[in-house]
Amino acid sequence: MQRMNAAQARRTALAAQGFGKRRPTNPKRRAVLDVIARTRLLQIDSVSAVVRAHYAPVFSRIGPYDRSLLDGAAWSDSAKARRGLVEYWAHEAALIPVADWPLMRWRMAQYRHGRWSGMRKVIDRNPTLGKDILDVVTEVGAASAGEIERHLELDKPRAKGTWWNLSDTKMICEQLFAAGELSTARRVGFTRHYDLTERVVPADVRDREIGEADAVRELIRRAGRALGVGTEADLRDYYRLARRQSAPAIAELVDAGELLPVEVDGWDAPAYLHPEAATPRRITGTALLCPFDPLIFFRPRTQRVFDFHYRIEIYTPEPKRVHGYYVFPLLVDGRLVGRVDLRAERATGRLLAPGAFAEPGYATAETAEALRGALREMADWLELDEVVIGERGDLAPLL
């Protein structure tokens, strides 16, 4: 069995995710799609403290780019440009390549009667609402849940707020999305506009039938390529699979030589190397990673690969937060050397960094200089004029 030391495994993981490559000088649509060809997905999240989560991983890998390129690939109404990405439940809500949509059919079937118990209760008390919604969308085209609700002339929806305050119409729209009957044609702001899947996903993709076992094996294969090297838990989490699915799929891929068992020094579980994964001698460059970046979104892997303990503190009461509300780890030359709490204050044109913290041994002028450059680059990308450094953390005085 092949052996890797921890540094080799870390460089392999970074290279697989597209770090260490020369950045394009003027990124176009192809460069954006190349990132997703490596990561296979971009997680979508509602938090917009700095920038929506799906935009940030592309920036971390290729630098400043026009966000409309990603919008166009995912939500374009243009008849000229074939849709490159589509939304579905991959690793949570995510953008995935359109070609991967059939790999989720088994999950759509699983969700046909409700993605979770609360949704099933809404279906039970509204047995005809799903058909009514499909009839409206068929007639009027892409529409938000609110627009659909108005067409249905339903009672005023409950107050906006958390997920659990959603109106029944919104819940059933989400159910139809989970079941693959509706898809996201476009977003206006962050609001989904639902349309019939047949109008969003090309017929040659939509008509592909892939059984669960074959689909799971292909998802594990894609996860292996995206991770470079990973444990069974890493491979399973990438598409939020169950162990009963991942274990036999990994065994089959190992038998076929499409995953190679390896021992990684210091790792607490067996690992699997993708046979095409590269292990560069060095990884250079600086990047800020949003909390939902595919490199770090599985926290046990982040700890194992980078020796970096990371927890998002959005839902932690402010007095109990250690590092801040929305914290970006700092990647410098292949290591996570610090973290910075960030907020984009668009009304005043400022990027706020209330706290900046170094990992042990990295509270240095060099780390501060790398972070300073990364913050300035992010501010320019977001069209913010000023970077404002707060007082919390051992990197703040150095900045």
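Residues are numbered from 1 along each chain as its sequence is written, and side-chain values use heavy atoms, with hydrogens and water left out. Because the model is predicted, local features need pLDDT of at least 70 and side-chain atom pairs count only at pLDDT 80 or more, while totals for chains, interfaces and linings use all residues.

The chain is divided into domain 1 (2-102 + 207-273), domain 2 (113-201) and domain 3 (311-398). These bounds come from an automatic or database domain assignment. The C-alpha centres of domain 1 and domain 3 are 26 Å apart. Their contact (heavy atoms within 4.5 Å) draws 16 residues from domain 1 and 16 residues from domain 3. Together the two domains bury about 1500 Å², with 64% of this on carbon and sulfur atoms. Buried area here is the accessible area (1.4 Å probe) that two parts lose on being put together, summed over both. On the domain 1 side, Ala49, Val50 and Phe59 supply 41% of the area buried against domain 3, more than any other three residues.

Polar links also cross this interface. Five residue pairs are in polar contact between domain 1 and domain 3, both residues being at pLDDT 80 or more. A polar contact is a pair of N or O atoms within 3.5 Å; within protein, one must be able to donate a hydrogen and the other to accept it, and residues adjacent in sequence count only if both atoms are side-chain atoms. Helices α1 (6-16) and α3 (56-62) each supply at least two residues of the domain 1 side that touches domain 3. Helices (H or I, at least four residues) and strands (E, at least two) are DSSP runs, numbered from the N terminus. One salt bridge is found across the interface of domain 1 and domain 3. A salt bridge requires a side-chain nitrogen of Lys or Arg within 4 Å of a carboxyl oxygen of Asp or Glu.

Side chains of opposite charge can pair when their charged atoms come close. The whole structure holds 35 salt bridges. One of these pairs aspartate 100 with arginine 40, with the closest N and O atoms 3.0 Å apart. Aspartate 100 sits in the loop between β4 (92-97) and α5 (105-110) and arginine 40 in the loop between α2 (29-39) and β2 (42-43), so the pair ties together parts 60 residues apart in sequence. Both aspartate 100 and arginine 40 are buried. Buried means under 20% relative accessible area, exposed over 50%, and partly exposed in between (1.4 Å probe, protein chains only).

Glutamate 87 and arginine 187 form another salt bridge, at 2.8 Å from N to O. This pair links distant parts of the chain: glutamate 87 is in strand β3 (residues 85-90) and arginine 187 in strand β5 (residues 182-188), 100 residues apart. Both glutamate 87 and arginine 187 are buried.

Arginine 301 is joined to aspartate 234 by a salt bridge, with the closest N and O atoms 2.9 Å apart. Arginine 301 belongs to helix α15 (residues 299-306) and aspartate 234 to helix α13 (residues 232-238), so parts 67 residues apart in sequence are tied together. Arginine 301 is buried, at a relative accessible area of 5%. Aspartate 234 is buried as well, at 2%. Elsewhere, salt bridges with shared partners join Arg40, Asp100, Glu218, Arg221, Arg222 and Glu258 into one network.

The largest nonpolar core has 108 residues, of which Val50, Leu288 and Leu342 touch the most other members. Such a core is a set of buried Ala, Val, Leu, Ile, Met, Phe, Trp, Tyr and Cys residues joined through side-chain atoms within 4.5 Å. Helix α16 (residues 365-381) gives this core its largest share, eight residues. Beyond neighbours up to four places away in sequence, leucine 288 touches residues including Phe328, Leu342, Leu371 and Met378. Another core, of 24 residues, lies apart from the largest one; Ala13, Leu273, Ala287 and Tyr310 are among its members.

Two further residues complete the description. Arginine 217 is in helix α12 (residues 212-227). Arginine 217 is partly exposed, with a relative accessible area of 21%. A polar contact of 2.7 Å joins its side chain to that of glutamate 252. Glutamine 17 lies in the loop between α1 and α2. Glutamine 17 is buried, with a relative accessible area of 2%. Its side chain makes a polar contact of 3.2 Å with that of tyrosine 238.
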